[in-house]
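Work through the exercises below with the structure at hand. Each task is followed by a solution in steps.

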Amino acid sequence: MKNTTNLICAAFCFVSTTSAHAGYFKDDFSWGFNSGIWSARTGSNGSPFGCTFTPGMVSPSSHGITLALSQGSCSELQSRSSYGYGKVQGALKTGNTPGTVASIFTYTSWWDAPGRAWQEIDIEFLPSLGNVVHTNVIYQPQGGTYQSWEQDIDLGQYGLNIQQDLLTIGFDWRENQIRWYVFDAAGNEQTIRTVYKDNGDGYLAADEIPAYAWPVDNTKIMLNHWHGDNSQDGFYFPGQYFGGNAWAYYDFIEYIPY
């Protein structure tokens, strides 16, 4: 994977304009991604993914990158470093191919550290769901039960369309609160969902997540674009994939630590 990524980055990653200090970074993806921040993934992720991550599916432009997919091939960038509490935000626009997913998310699990739980905070766009953003928090201890806290938010109420507009979106991850937000059609920041760490009062509210499942470990920041395998799980998420090519354009990604 390292050799393949380096060959691609030699062609277009080195000129990316990036700010970085004390954990903070902003990559505007000019002529590609900053190879000091990101690596392009290779290999399969297993079901319900119906494609193999291929670095060549990440394409540069004068400002921004496109994460493409075709039948059997898809694309993912993952941060080389891990990050703690802070804001993760970016701007993107997607196509309308059913059965695909374009994401900005944090991820860590036992693959990063033995015994660590799977912890994930998601921003996902699925054309099969329409003009919504799929938000989620995922938790699973190694060898234990998978749990998730999902909610879809209609973007139309903010005057936005993910297939027509370059959408600026993010989440604010703190010790006891996760807040998702978008910038609406007028450029104003709008909170679209907030969840809280259970306060231990013996009652779990609809907007609370159990304390044991709260994401606490340093985590990688991930971008990907993939299609499902039309298995039973794939029909549920991300929906039936009928084949063909698709794209997701990313204008920038920024991390602001606390």
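## Exercise 1: a charge and a ring

Task: In this predicted model, find the ring over which the charged end of lysine 26 sits.

## Exercise 2: aromatic pairs of phenylalanine 25

Task: Classify the pairs that phenylalanine 25 forms with tryptophan 38 and with tyrosine 83.

Solution. Step 1: a pair of aromatic rings is described by the distance of the centres and the angle of the planes. A search of the whole structure gives 12 aromatic pairs.

Step 1: for phenylalanine 25 and tryptophan 38, the centres are 5.7 Å apart and the planes make an angle of 90 degrees. Planes over 60 degrees apart count as edge-to-face, and this pair is edge-to-face. The pair links strand 2 (residues 24-27), which holds phenylalanine 25, to strand 3 (residues 38-40), which holds tryptophan 38; the two residues are 13 residues apart.

Step 2: the rings of phenylalanine 25 and tyrosine 83 have centres 5.4 Å apart and planes at 55 degrees, so this pair is tilted. Tyrosine 83 lies in the loop between strand 8 (73-79) and strand 9 (86-94) and phenylalanine 25 in strand 2, so the pair ties together parts 58 residues apart in sequence.

Step 3: Phe25, Trp38 and Tyr83 belong to one aromatic cluster, together with Phe29 and Tyr255.

## Exercise 3: buried or exposed?

Task: Decide whether phenylalanine 25 and tyrosine 83 are buried or exposed.

Solution. Step 1: the cut-off for buried is under 20% relative accessible area. Step 2: phenylalanine 25 has 1% relative accessibility and therefore counts as buried. Step 3: tyrosine 83 has 12%, so tyrosine 83 counts as buried too.

## Exercise 4: the nonpolar cores

Task: Which residues have the most contacts inside the largest nonpolar core?

Solution. Step 1: this core has 46 residues. Step 2: the residues with the most contacts inside it are Trp38, Ile169 and Tyr250. Step 3: apart from this core lies another, of 11 residues, including Phe49 and Trp226.

## Exercise 5: the largest cavity

Task: Which strands each supply at least two residues of the lining of the largest cavity?

Solution. Step 1: the structure holds 2 cavities of 30 Å³ or more, and the largest has a volume of about 50 Å³. Step 2: among the residues that line the largest cavity are Thr100, Ala102, Ala246 and Trp247. Step 3: the strands are strand 10 (100-108) and strand 19 (246-257).

Methods: Residues are numbered from 1 along each chain as its sequence is written. This is a predicted model: local features need pLDDT of at least 70, side-chain atom pairs count only at pLDDT 80 or more; totals for chains, interfaces and linings use all residues. Side-chain values use heavy atoms; hydrogens and water are left out. A nonpolar core is a set of buried Ala, Val, Leu, Ile, Met, Phe, Trp, Tyr and Cys residues joined through side-chain atoms within 4.5 Å. Buried means under 20% relative accessible area, exposed over 50%, partly exposed in between (1.4 Å probe, protein chains only). Rings of Phe, Tyr and Trp (its six-membered ring) pair if their centres lie within 6.5 Å; planes under 30 degrees apart count as stacked, over 60 as edge-to-face and the rest as tilted. Helices (H or I, at least four residues) and strands (E, at least two) are DSSP runs, numbered from the N terminus. A charge sits over a ring if NZ of Lys or CZ of Arg is within 6 Å of the ring centre and within 35 degrees of the ring normal. On a 1 Å grid over the protein atoms alone, a cavity is a set of points where a 1.4 Å probe fits but cannot get out, and a pocket is an open set with protein on both sides within 12 Å along at least five of seven lines; lining residues have an atom within 4 Å of a point. Grid points are joined across faces, edges and corners, and a volume is the space filled by probe spheres set on the points.
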